[in-house]
Amino acid sequence: MAAKQMNIKDYNKQEATLRLSCTCGWEGKAKEAYGELYEAVLDFECPKCDTTLLIVDLIVDAQKYFDHKASKKP
Ligand SMILES: [Zn+2]
């Protein structure tokens, strides 16, 4: 199964209701999946098997990208 792709604007609109499902049987809200930030994308992985389920392109909105980066700092 190929990972879904969307940009950060669409993701933010749908975040509250967005559901992901995996071939291993896991199903849940995007927020319950593991989000991992790379340079310009946010990857959501299945908590059970680490399959990438969703790739969010952050660079569409540079301010959101930097806000997200800032929020990840300890
Ligand atoms: Zn899985």
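Student: What share of the 74 residues of the protein chain counts as buried?

Tutor: This is a predicted model: local features need pLDDT of at least 70, side-chain atom pairs count only at pLDDT 80 or more, and totals for chains, interfaces and linings use all residues. Residues are numbered from 1 along each chain as its sequence is written, and side-chain values use heavy atoms, with hydrogens and water left out. Buried means under 20% relative accessible area, exposed means over 50%, and partly exposed lies in between (1.4 Å probe, protein chains only). Of the 74 residues in the protein chain, the buried share is 28%.

Student: In what order do the elements of the protein chain run?

Tutor: Count them before ordering them. Helices (H or I, at least four residues) and strands (E, at least two) are DSSP runs, numbered from the N terminus. The protein chain has two helices and six strands. Read from the N terminus on, the order is β-α-β-β-β-β-β-α.

Student: Which strands are the edge strands of the open sheet?

Tutor: Two strands pair if DSSP finds at least two bridges between them. The open sheet holds four strands in the order 1-6-5-4, with mixed pairing. An edge strand here pairs on one side only, and that picks out strand 1 (4-7) and strand 4 (34-37).

Student: Which residue of strand 6 stands opposite Met-6?

Tutor: Strand 1 and strand 6 (residues 52-57) run parallel and are joined by four bridges. Asn-7 has Asp-57 in strand 6 as its bridge partner. Opposite Met-6 stands Val-56.

Student: Which residue stands opposite Val-56 where strand 5 and strand 6 pair?

Tutor: Look at strand 5 (41-45). Strand 5 and strand 6 pair in the antiparallel sense over five bridges. The residue opposite Val-56 in strand 6 is Leu-42.

Student: Is Asp-43 buried or exposed?

Tutor: Asp-43 lies in strand 5. A contact means heavy atoms within 4.5 Å. Leaving out residues up to four places away in sequence, Asp-43 touches Tyr-34, Gly-35, Glu-36, Tyr-38, Thr-52, Leu-54 and Ile-55. Its relative accessibility is 12%, so Asp-43 counts as buried.

Student: What value is phi of Asp-50 near?

Tutor: Asp-50 lies in the loop between strand 5 and strand 6. That hairpin has six residues between the strands. Asp-50 is partly exposed, with a relative accessible area of 49%. Its phi is positive in a residue other than glycine, near 70°.

Student: Which residues coordinate the zinc ion?

Tutor: Donors are N, O and S atoms within 2.8 Å of the metal (3.2 Å for Na, K and Ca); water is not among the atoms, so sites may look incomplete. Here the donor residues are spaced C-x1-C-x21-C-x2-C in sequence. Each gives its SG atom, at 2.3 Å, and the residues are Cys-22, Cys-24, Cys-46 and Cys-49.

Student: What is the geometry of the zinc ion site?

Tutor: Four donors count as tetrahedral if all angles lie between 85 and 135 degrees; four count as square planar and six as octahedral if opposite donors are over 155 degrees apart and all others between 65 and 115; anything else is irregular. The four donor atoms of the zinc ion make angles of 104 to 117°. The site is tetrahedral.

Student: How many residues apart are Cys-24 and Cys-46?

Tutor: Cys-24 is partly exposed, at 35% relative accessible area, whereas Cys-46 is buried, at 0%. Cys-24 sits in the loop between strand 2 and strand 3, and Cys-46 in the loop between strand 5 and strand 6. The pair links distant parts of the chain, with a separation in residues of 22.

Student: How many disulfides does the count come to?

Tutor: A disulfide is a covalent bond between the sulfur atoms of two cysteines. The rule used here asks for a pair of cysteine sulfur atoms within 2.5 Å. By this rule the count is zero.

Student: How far apart in space are Thr-23 and Thr-51, C-alpha to C-alpha?

Tutor: Thr-23 lies in the loop between strand 2 (19-21) and strand 3 (27-29). At 62% relative accessibility, Thr-23 is exposed. Thr-23 and Thr-51 are 28 residues apart in sequence, and their distance in space is 8.7 Å.
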